[in-house]
Amino acid sequence: MTAEIPVVVLDPTGADHHGEAARMRELGPVVRIVLPGDVPAWAVTRHDLVADLVKNPLVSKDWRRWNEIRQGRIPEGWPLIGMVAVTNMVTADGAEHHRLRRLVTQTLTPARVQALAPRVTELVAELLDRLPEHADEHGVVDVRTHFAVEVPMQVICELTGVPAERRARLRELVDSIFRTTTPPEEVVQVQTDIFRLLGDLIALRTAEPGDDLTSALIAARAADPEALSDEELAGTLWLMLAAGHETTLNLITNAIRALLTHPVQLAFVEHGEASWEDVVEETLRWDAPIGNFMARYPLEDLTVEGVTIPAGDAVLAPYSGVGRDEAQHGADAAVFDLTRTRARSLAFGGGPHLCLGAPLARMETRIALEALFARHPGLALAVPAQKLTPVESFFSNGPQTLPVVL
Ligand code: HEM
């Protein structure tokens, strides 16, 4: 029986992530979702339910189990296809997931992430040196485009061995994949271009191996063809490139916006009453970069709070939304407060698919914020925060631009 379950048409323009999540929570613990193209799905709306969902072994991440795909109801050019039909660890279960994840964690070790800190500091300093050159005649700079995008983009491209001349197109492709309003013609073109970009990258690093993740994965495949297939190699690289920067750029952007709109909180950091780690963690809770993430598919009918979700239906995890769940974070969950005692957030997911880039993302963001505010103590928004337009996406949560005066 699903007749009385509330139905929410997710807004593909992402105009109000937090308002939409709050409305969903008010409607009940489980809601039916309508995705673009009238495609049906489900979402659980509370922190505790999302936490249970992501570690439930009877819920698969394999899109090939999705009823809508199996029954051929997903049209060509569907705007979300690039976030769904991928072959890598995010869409793998059990032993396959372990195999694919281990290939990356073997290279991206905690020691390697730690060793990247001086390089991140150097990159951030270079970007800050050049930031004033991007100011318009009124001294306004888009700190998202010229700083928040560039930090994680350069780091992940160095880590994966993507040559500098490919980065602009890579950025466009990732931007398009995360948008939920992309028209069908663009979706098809983007899929072709991603395939080409990854093919070129693999060919380059096969011919000229380096000390990077792409070369390490190619070597693993050469040593043991069973280690990963060609499709998994390309899928894994795509995951690292996309997840490795789209998310972190929104964390940096959202943290800057939060501090500039909460001067009392910024003063806590300046006076040592809160740390840059607090800024990172509170932004992850209060304004997480990933909104509604696709998707999980129950292997058998799943009953949540008395509602039965049929096997093979898609269930979304509203990661940014549950960061303001009062049951988890208290009655003041909607308040940005660096000094709060923080409960666990789900910004990086949980269970076996817990984000493996979290230590890198935290480190990049802390270094970027600390250096930016040290260099520009008078930093201010150039437009009222309410005028900022969100990215057209219910996956990505952040503004399209962040104009500031330095
Ligand atoms: C603030 C930045 C970031 C946020 C908020 C974030 C968020 C997430 C979330 C929510 C998931 C779980 C998705 C699911 O439910 O399946 C995830 C998985 C993942 N993330 Fe991140 N991420 C961030 C940065 C990064 C970075 C920098 C990298 C790469 C260097 C990365 C690589 C991955 C990978 C490979 C997975 C898949 C893990 C698996 O399926 O086992 N992420 N991330």
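**Cavities, pockets and the ligand**

Me: What classes do the residues of the shell around the ligand divide into?

Reply: They divide into 18 nonpolar, seven polar and three charged residues. Keep in mind that this is a predicted model.

Me: OK. How many residues surround the ligand, and which are the closest?

Reply: The ligand is surrounded by 28 residues. K61, H97, Y319, H353 and C355 are the closest.

Me: What does the iron atom of the ligand have as a donor from the protein?

Reply: A single one, the SG atom of C355, which is 2.3 Å away.

Me: And where is the place of C355?

Reply: C355 is in the loop between α18, which covers 326-329, and α19.

Me: Which side chain has a polar atom 2.5 Å from an oxygen atom of the ligand?

Reply: That is the side chain of Y319. The side chain of H353 also has an N or O atom 2.7 Å from an oxygen atom of the ligand. For R296, an N or O atom in the side chain is 3.0 Å from a ligand oxygen.

Me: Going back a step, where does the ligand sit?

Reply: In the largest cavity. That cavity holds about 870 Å³ of space.

Me: How many residues line the largest cavity, and which are closest to its centre?

Reply: The lining has 47 residues, and V90, L239, A243, F293 and C355 are the closest to the centre. C355 is also among the residues closest to the ligand.

Me: Which elements give two or more residues to that lining?

Reply: Among them are α4 (81-84), α5 (94-105), α9 (150-160) and α10 (167-178).

Me: How many cavities of 30 Å³ or more does the structure hold?

Reply: Four.

Me: New topic, pockets. What volume does the largest pocket have?

Reply: About 410 Å³. Its lining has 22 residues, and H18, R257, D287, R324 and A385 lie nearest the centre. The elements α1 (17-27) and α14 give two or more residues to this lining.

Me: What's the split by class for the largest pocket?

Reply: Seven residues of its lining are nonpolar, eleven are polar and four are charged.

Me: How much space lies in the second largest pocket?

Reply: About 320 Å³. The lining consists of 14 residues, with A85, V86, Q191, F195 and G235 nearest the centre.

Me: Which elements supply at least two residues there?

Reply: Both α11 (184-207) and α13 do.

Me: Last one: what does the lining of the second largest pocket have by class?

Reply: Nine nonpolar residues, four polar ones and one charged.

Notes. Residues numbered from 1 in each chain as written. Predicted model: local features only at pLDDT ≥ 70, side-chain atom pairs only at ≥ 80, totals over all residues. Heavy atoms only, no water. 1 Å grid on protein atoms, 1.4 Å probe; cavity = no way out; pocket = protein on both sides within 12 Å on 5 of 7 lines; lining within 4 Å. Points joined across faces, edges and corners; volume = space filled by probe spheres on them. Helix = DSSP H or I, 4+ residues; strand = E, 2+ residues; numbered from the N terminus. Near = heavy atom within 4 Å. Polar contact = N/O pair within 3.5 Å; in protein donor to acceptor, adjacent residues only side chain to side chain. Sits in = over half its atoms within 2 Å of the grid points. Nonpolar A, V, L, I, M, F, W, Y, C, P; charged D, E, K, R; others polar. Donors = N, O, S within 2.8 Å, 3.2 Å for Na, K, Ca; no water.
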